[in-house]
Amino acid sequence: MVLTGLDVLVQSEFKSLRGKSIGYVGNQASVTRDLRYGLDLLKKEDEAGRLKLQAVFGPQHGLFGHTQDNMIEWEGEDKPSGPKVYSLYGEQREPTSKMLEGVDELVVDLQDVGARYYTFVWTMALCIKACESLKIPIKVLDRPNPIGGTQVEGTLLQPGYESFVGLYPLPTRHAMTIGEIACYLKSHFFPGLDLTVVEMEGWSRDQYWDETDLPWSMLSPNMPTLDTAIVYPGGCLLEATNMSEGRGTTRPFEIFGAPFLDSWRFADALNALGLDGCVFRPLPFQPTFNKHQGKLCGGCHVHVLDRSKFTPVITYVAIMQEAIRQSGLHDATHLSKEKEFVADSQEAQLPGFAWRNPPYEYVYDRAPIDILAGNDWLRQEISNLTPLSQIKDRMAAECSEFPLNF
């Protein structure tokens, strides 16, 4: 049986937090194995006088995953006598000294998905930065990496490409838990941090989420299932294009396409590549929101048949290259001479594949694909239709540079 850091903390009856004024960072996936919210349990400890819940912080999508995409959650008092609730997504992503006023220890309980782009680990990183500066201890409750702790893939974030989808060097698919990432950040960037990681019990690195017996709580609005998480390290790259990544469908990131693609031709070409561990089913679809809302898209549903062999990043690189082959590579920047950036609606009207223009995740001077990749070479290699084997080798060389001993 796997126990998360929160489960271990509950078993200890919160003894390490007794008598302290606590700040809490969590969301709707911050639950025990019997589906009780960590926030509710801390409130009960507060009501019993065993600790004080001073402040509550929500990451992207809000405390309960109730906001889509880049929408910002509400802020305010939980109740007149309760803690102040702050958003850590928006223009203010790092907690301020005012927000942390009166906090003796900050507790972070966020479920990561195993891909560098997922912003929850960067919310934690900014909390770490603030806590080191203010000399506030931080306690990170560890949780499993849903897609296992053995498979590493993709690119390594390069200097100059930092953003809220990658603030410090990590491989795209990093195979780390959020507690391990906290230790890595302390070791390499925040040596003065007073960090405690409440470790899990019973988790082994080769386990995917469905092998833990832990319940799945949607990590964010477009992360409904483990299947989504498995494809996400590659599927998220489509956010940087004018292709739909399946937002507005019931299977985001597994379903993808665009009005300028033919489903059957697209699927045949992708299946002919013989990509490991998956098969592509032709699927026309109509997103109900986001890119190409209400329009019929030609596309596919990727079915992962062997997740031990499936390589999501290189698979979605192949998807983008095939979209370029079948529709051309179009330049969106010519559509607007008066505005600095082109609106998504204009990019969507292009007759073929295009890279989206900024802004993306509060970055205004780099292409979205470059900040997701953490470099500019991946965009160039995809655009040039460089053989997948060469791209894969370059990715492997970058990932081999990542320090695993921390």
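## Getting to know this predicted model

Asp-370 touches Tyr-161, Asn-375, Asp-376 and Arg-379, leaving out residues up to four places away in sequence. This is a predicted model, and the questions below start from that residue.

Q: Is Asp-370 buried or exposed?
A: Asp-370 is found in helix H9, residues 368–373. Its relative accessibility is 5%, and the cut-off for buried is under 20%. Asp-370 therefore counts as buried.

Q: Which residue does the side chain of Asp-370 join in a polar contact of 2.9 Å?
A: Among the residues that Asp-370 touches are Tyr-161 and Arg-379. The polar contact of 2.9 Å is between side chains. The partner of Asp-370 there is Arg-379.

Q: Where does Ala-55 lie, and is Ala-55 buried or exposed?
A: Ala-55 lies in strand E2, residues 52–58. Leaving aside neighbours within four places in sequence, Ala-55 is in contact with Ile-22, Gly-23, Tyr-24, Pro-83, Lys-84, Tyr-86 and Met-99. With a relative accessible area of 1%, Ala-55 is buried.

Q: What separates the C-alpha atoms of Ala-55 and Val-103?
A: Along the chain, Ala-55 and Val-103 are 48 residues apart.

Q: At what angle do the axes of helix H5 and helix H7 cross, and what does that make H5 to H7?
A: The axes of H5 (residues 226–235) and H7 (residues 312–327) come within 7 Å and cross at roughly 55°.

Q: Which residues of H7 make the contact with H5?
A: The crossing of H5 and H7 is right-handed. From H5, the contact uses Ile-230, Val-231, Pro-233, Gly-234 and Gly-235. By class, the contact has six nonpolar, two polar and no charged residues. The H7 side is made by Pro-312, Val-313 and Tyr-316.

Q: What covers the buried residues of helix H4?
A: The buried residues of H4 (residues 178–188) are Ile-178, Gly-179, Ile-181, Ala-182, Tyr-184 and Leu-185. Their cover includes helix H3 (120–134), strand E6 (138–141) and strand E9 (195–198).

Q: Which peptide bond from Pro-358 is cis?
A: The bond in question has omega near 0°. Pro-359 lies in the loop between strand E14 (353–354) and H9. The cis bond runs from Pro-358 to Pro-359.

Q: What is phi of Glu-361?
A: Glu-361 is found in the loop between E14 and H9. At 7% relative accessibility, Glu-361 counts as buried. Its phi is positive, in a residue other than glycine, and is near 50°.

Notes. Residues numbered from 1 in each chain as written. Predicted model: local features only at pLDDT ≥ 70, side-chain atom pairs only at ≥ 80, totals over all residues. Heavy atoms only, no water. Buried < 20%, exposed > 50% of the residue type's maximum accessible area, 1.4 Å probe, protein only. Helix = DSSP H or I, 4+ residues; strand = E, 2+ residues; numbered from the N terminus. Contact = heavy atoms within 4.5 Å. Axes fitted to C-alpha atoms, helices over the stretch in contact; angles between N-to-C directions. Left-handed = near helix turned anticlockwise from the far one by under 90°. Nonpolar A, V, L, I, M, F, W, Y, C, P; charged D, E, K, R; others polar. Polar contact = N/O pair within 3.5 Å; in protein donor to acceptor, adjacent residues only side chain to side chain.
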